[in-house]
Amino acid sequence: MREYKIDLHNHSPLITSDYRGHAETSALDIVKAAQVAGLDAFGISDHFAIEFYRDVNDAAAELHGTSGYTLLVVAGSELKITWQGEEIHLITLFPPEPAEAAFEELMGFLDFPRVERIVELLPRVMIEHDPVRVVEKVAELGGMTHIAHIDRFFEDYRLMDRPIVDYLVKDAPISAIEVVDKKNCDILREKTNGLRYIQSSDSHSTNEIGRRYSKLEMEELSFEALKSALQSTS
């Protein structure tokens, strides 16, 4: 077992309306920023989109060839799901080879076909759906899901204070819970069933990459090892 540094929630310049970095930021710029941050695993999780994953994965392979730096790039997407008056942000992560196909199947499950996805408007999209069923579908596709920034305030709304958290951790195969402030782990621990807590940067520019991260012991640097390690209890 070896300890790896992971950051699984990051946004790319694919959606310029949501990106705070330079418009000309490249996939290689992102990988180099991950290298500077000392990351071993890096998740791309644009809102309802997966297209930039392959560019970053290819850039990581290119940099590995020239420098020897190894970065596991994980394909993912941030979904805003509403249910019974609640708003839940889910980070869905997929195995590398069927990533695009798995994502499209998930979008079909949510009745959100490609033709309706206007890229610049995706950060504003919210889909009404039972979040437990969404998490179950991702698991069926070989992926994993964690709850994003559970302790972040959106005006006066904070998911960790809402009773739907009990429903999610009881009935959904959640892989982890992402917190912004580690102090909130103790508050959450009694109601989250031993789920692992992680931190991620939620970066929207290269200079934010790695500002928050987690360290995780894994058998090897691979998607399946990451999935296994996250789903083991903390």
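Residues with under 20% relative accessible area (1.4 Å probe, protein chains only) are termed buried, those with over 50% exposed, and those in between partly exposed. The model is predicted: local features require pLDDT of at least 70 and side-chain atom pairs pLDDT 80 or more, while totals for chains, interfaces and linings use all residues. Residues are numbered from 1 along each chain as its sequence is written, and side-chain values rest on heavy atoms, without hydrogens or water.

**View 1. The aromatic pair F48 and F112.** Two aromatic pairs occur in the structure (Phe, Tyr or six-membered Trp rings with centres within 6.5 Å; stacked under 30 degrees between planes, edge-to-face over 60, tilted for the rest). The ring centres of F48 and F112 are 5.5 Å apart and the planes stand at 85 degrees, so this pair is edge-to-face. It joins distant parts of the chain, 64 residues apart: F48 belongs to the loop between strand 2 (41-47) and helix 2 (52-67), and F112 to the loop between helix 3 (99-109) and strand 5 (127-128) (DSSP runs numbered from the N terminus; helices H or I of at least four residues, strands E of at least two). Both F48 and F112 are buried.

**View 2. The aromatic pair F94 and F103.** F94 and F103 also pair edge-to-face, with 6.5 Å from centre to centre and 80 degrees between the planes. F94 is classed as buried because its relative accessibility is 1%. F103 is likewise buried, at 0% relative accessibility.

**View 3. Charges over aromatic rings.** The charged end of K5 is placed over the ring of Y213, at 4.1 Å from the ring centre (NZ of Lys or CZ of Arg within 6 Å of the centre and within 35 degrees of the ring normal). R117 is positioned over the face of F112, 5.8 Å from the centre of that ring.

View 4. The largest cavity has a volume of about 30 Å³ (points on a 1 Å grid where a 1.4 Å probe fits but cannot get out, lining residues having an atom within 4 Å of a point; the volume is the space filled by probe spheres set on the points). Its lining consists of Y53, L72, V73, V74, A75, F94, P95, P96 and F223. Strand 3 (residues 72-83) contributes the most to this lining, with four residues. By class, the lining has nine nonpolar residues (Ala, Val, Leu, Ile, Met, Phe, Trp, Tyr, Cys and Pro), no polar and no charged ones.

View 5. Q84, a residue other than glycine, has a positive phi near 55 degrees. Q84 is located in the loop between strand 3 and strand 4 (86-94) and counts as exposed at 65% relative accessibility. D111, also not a glycine, has a positive phi of about 55 degrees. The loop between helix 3 and strand 5 holds D111, which is exposed with a relative accessible area of 61%.

**View 6. The surroundings of H129.** H129 is found in the loop between strand 5 and helix 4 (131-140). Because its relative accessible area is 19%, H129 is buried. Leaving aside residues up to four places away in sequence, H129 touches I81, T82, W83, F109, L110 and V134 (heavy atoms within 4.5 Å).

**View 7. The surroundings of E217.** E217 is part of strand 11 (residues 214-218). With 48% relative accessibility, E217 counts as partly exposed. Apart from residues up to four places away in sequence, E217 touches M1, R2, E3 and A229. From L28, E217 is separated by 189 residues in sequence and by 27 Å in space, C-alpha to C-alpha.

How values were computed:
On a 1 Å grid over the protein atoms alone, a cavity is a set of points where a 1.4 Å probe fits but cannot get out, and a pocket is an open set with protein on both sides within 12 Å along at least five of seven lines; lining residues have an atom within 4 Å of a point.
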